[in-house]
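Hello,

Here is the structure for your files.

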Amino acid sequence: MHKLPIFFVVLHPRIPYGVLTGFKSLLMSGQRTLLNTWGAELYDLWESQTLENVEGIGVTLTKRLNDYFKHTKDSYLIKQVNKIPTPVFTLMQVPGIGSKTAYRLVVEFHLEKSKNILKDIEHIAKNDKIVPLGGFGEKSQAEILTLVKTFQSKQYKTRRMRLDQSYGIFDKVSEYLLLNEKIKILYPVGSLRRFNPTIGDIDIVAVCEESDSENVINYFTKYPQTKIVEGKGERKGAIIISSGVHIQLRTTPLNKLGAMLQYNTGCKEHNIKLREYALKKGFSLSEYGITKVASSKFRVPSETRTINFVSEEKFYNFLGLDYIPPELRQGGGEIEDALRHKTPKLVELADILGDLQIHSNYPLEPSHDAGVDSYDDILSEASERGYKYIAYTDHNPSVSRHSDEQIISLLGKRQQYINKLLYKKSERTKYFISPEVDIKPDGRLAIPAKAMQYVDFILVAIHSLFNQNRADMTKRILNAFSFPKVKIFAHPTTRLIGGRDEIVADWEIIFKEAKKRSIALEINGAPEKLDLPDNLITLAKGIGCKFSLGTDTHELTQLENMRYAVAFARRGGLTKSDIINCKTFKEISKWLVKY
Ligand SMILES: [Zn+2]
């Protein structure tokens with residue numbers, strides 16, 4: 001029987017799962033150097049002579065890493081890594097096939113130079129050649145075949161999910177996990193917590209007693225939707241569920257929660273910058289806490305002890321920084337801001353007093369989708385949510401099917417209908433009557449001037465001819481802004497995530513005009529839109545624009561999407577005073593309608 005290289009023997013049983021996968025992905029990516037994010041942390045520990053603080057790194061590995069950091073290319077570790085045939089790493093990319101199995105198969109079948117390692121393994125398994133190998137059997141052969149075939153079918157290729165899909169999965173897993181009494185609280189981390197517009201994997205942190213951790217991980221891997229258990233350690237588990245989504249769970253005791261959340265929330269660039277900043281102050285960061293880097297050759301135990309933090313606030317404050325909310329951790333200037341105590345006090349969901357884009361089922365004969373709910377039901381639901389006001393923003397009647405007179409008459413009747421219906425029902429929650437009006441290709445609006453008397457204000461939006469050139473598109477939008485009662489520019493870039501690209505326009509000119517005319521820019525919370533994108537929010541805020549949050553609700557459950565509109569406002573660094581939905585009814589009436 002072939003023996004595994006010493007490299008794996010040293011690494012595999014001793015290093016915690018998280019560190020090992022870090023190493024594995026490092027090797028798989030073909031970078032045979034340790035100095036990336038994970039390696040850099042290891043380097044800090046090595047430099048400060050606190051390597052042995054990492055659980056699983058004993059005397060032998062410390063010696064090996066010492067050698068590695070001193071001699072890199074000529075080091076023992078790298079020599080060992082170079083001895084491992086490349087197909088081993090290719091095979092290790094298949095979820096469920098570990099390093100030992102991959103190595104055995106490659107060496108036993110002399111596949112060291114195989115360019116078609118997956119096809120070769122499939123062929124070998126189909127011809128029953130794995131069964132006779134020591135340590136394998138019918139069952140493991142069948143399993144290997146399934147794993148390789150599934151992987152090849154690209155079922156598990158990385159694909160990005162929308163925010164609502166990801167939170168849907170997170171909510172379901174959470175429901176299952178929280179049935180386990182050992183788990184005290186759960187947090188989404190990674191891009192999910194930062195509200196990225198698209199999400200790859202779902203990452204979760206669970207708080208439990210250290211002694212319960214292994215049980216919790218075990219319980220997690222038994223999630224009914226689990227298709228493949230990718231990995232299972234004392235403090236971390238990874239599964240792939242039947243829809244092909246990867247989910248990872250890490251556990252932490254409460255007293256170490258701060259560092260665990262901070263470390264796993266990212267983004268990568270933010271954490272790299274924070275690490276560099278901390279190092280200058282003499283600290284090294286890890287998912288367990290903050291360690292003082294020893295300044296002398298002689299180790300002083302009290303100085304090298306890792307400091308734990310129960311919360312992220314305490315973690316950041318310890319470093320002399322304001323707390324930086326996850327949405328702002330983008331690797332831009334947020335650390336400098338936090339150092340100068342300039343971190344904005346971001347808007348929160350509770351600050352939002354109304355939803356300014358909702359579509360009803362009223363027969364306004366529009367050319368775009370109507371909603372499915374009545375004005376009545378929408379108002380009750382908004383009331384239920386504690387909103388002080390809403391805007392009914394049905395699309396304008398279709399231009400191709402109606403004359404100007406018909407459009408005027410339709411909008412007049414609608415106003416009458418709403419006022420009669422809701423006259424006595426709008427005590428708690430007030431309403432505005434406002435169609436969402438198409439901006440025609442030349443910038444004129446899709447309702448005639450005479451119809452304006454029947455609306456409180458209007459949202460304008462582009463719903464056609466998205467591919468105009470920059471100059472024409474910019475002119476088109478500026479022209480639309482010049483009409484009276486235009487108060488909100490809805491989903492400005494018209495992007496559809498995973499679908500349509502943003503329109504091309506001169507945003508700086510457009511935002512300056514919006515500011516001049518007191519037109520609010522919408523942050524549309526529909527998960528397929530999330531429009532304005534956060535970089536444009538930041539640009540517009542710099543110019544001094546105001547923003548309007550809307551869910552573009554066509555069905556009542558979508559009112560829930562306000563959380564994404566708020567998240568995007570936060571990613572753009574907005575505070576209450578930037579957002580018109582934070583105004584009282586009296587204030588916003590004045591702003592929108594100028595009573
Ligand atoms: Zn629209």
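The notes below cover a metal site and a sheet.

This is a predicted model, in which local features need pLDDT of at least 70 and side-chain atom pairs count only at pLDDT 80 or more, while totals for chains, interfaces and linings use all residues. Residues are numbered from 1 along each chain as its sequence is written, and side-chain values use heavy atoms, with hydrogens and water left out.

Metal site. Glu-436 (OE), His-463 (NE2) and His-491 (NE2) coordinate the zinc ion at 2.0 to 2.3 Å. Donors here are N, O and S atoms within 2.8 Å of the metal (3.2 Å for Na, K and Ca); water is not among the atoms, so the site may look incomplete. The spacing of the donor residues in sequence is E-x26-H-x27-H. Glu-436 lies in strand 14 (residues 436–438) and His-491 in the loop between strand 16 (486–489) and helix 21 (507–516), so this pair, 55 residues apart, links distant parts of the chain. Helices (H or I, at least four residues) and strands (E, at least two) are DSSP runs, numbered from the N terminus. Glu-436 is buried, at a relative accessible area of 1%, and His-491 is buried too, at 5%. Buried means under 20% relative accessible area, exposed over 50%, partly exposed in between (1.4 Å probe, protein chains only).

Five strands form an open sheet in the order 2-4-7-6-5, with mixed pairing; two strands pair if DSSP finds at least two bridges between them. Strand 2 (185–189) and strand 5 (226–232) are the edges, each pairing on one side only. Strand 6 (residues 236–241) and strand 7 (residues 246–252) run antiparallel and are joined by five bridges. Ala-238 stands opposite Gln-248 in strand 7.

Regards
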